[in-house]
Amino acid sequence: MTMTRESTGKDTSLDQERSSNNNNFVRLSVNLSHETAQTFKTLAERKGLSFTEAIRRAITIWKFVEDQLAQGHELAIVESDGNPRKILFL
């Protein structure tokens, strides 16, 4: 999957601002299995996100989890009945 920044094709101030800020971004090319790419696409569409924004959010969540674990915290899911279920990371 190759991710690219989309442009409207119009010379708007937003496009000009994006062009001037290109030095703040890194273009990535990621190879994913078809199944993983489809799963990612489905998740992004479910939230109405672009691939780029979905990647940003995934990285943010991954960093949060790693930071919490590094601090010795445990993560849990609270089930609908209010009971916590511990999440184990391998």
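Guide: Let us begin with glutamate 74, which is exposed, with a relative accessible area of 57%. This is a predicted model, in which local features need pLDDT of at least 70 and side-chain atom pairs count only at pLDDT 80 or more, while totals for chains, interfaces and linings use all residues. Residues are numbered from 1 along each chain as its sequence is written, and side-chain values use heavy atoms, leaving out hydrogens and water.

Visitor: Why is glutamate 74 called exposed?

Guide: Exposed means over 50% relative accessible area, buried means under 20%, and partly exposed lies in between (1.4 Å probe, protein chains only). Glutamate 74 has 57%, so the word exposed applies.

Visitor: Why is the pair of phenylalanine 40 and phenylalanine 51 described as edge-to-face?

Guide: The structure holds one aromatic pair. Its members, phenylalanine 40 and phenylalanine 51, are 5.5 Å apart centre to centre, with 70° between the planes. Rings of Phe, Tyr and Trp (its six-membered ring) pair if their centres lie within 6.5 Å; planes under 30 degrees apart count as stacked, over 60 as edge-to-face and the rest as tilted. The 70° angle is therefore edge-to-face.

Visitor: Is phenylalanine 40 buried or exposed?

Guide: Phenylalanine 40 has a relative accessible area of 15% and is therefore buried. Phenylalanine 51, at 27%, counts as partly exposed.

Visitor: How do you know that the buried residues of α2 line one face of the helix?

Guide: In α2, Ala37, Phe40 and Ala44 are buried. Seen down the axis of α2, its buried residues fall within an arc of 65°, so they line one face; the arc is that of the directions from the helix axis to the C-beta atoms. The face turned away from this buried side carries the exposed residues His34, Glu35, Glu45 and Arg46.

Terms used. Helices (H or I, at least four residues) and strands (E, at least two) are DSSP runs, numbered from the N terminus.
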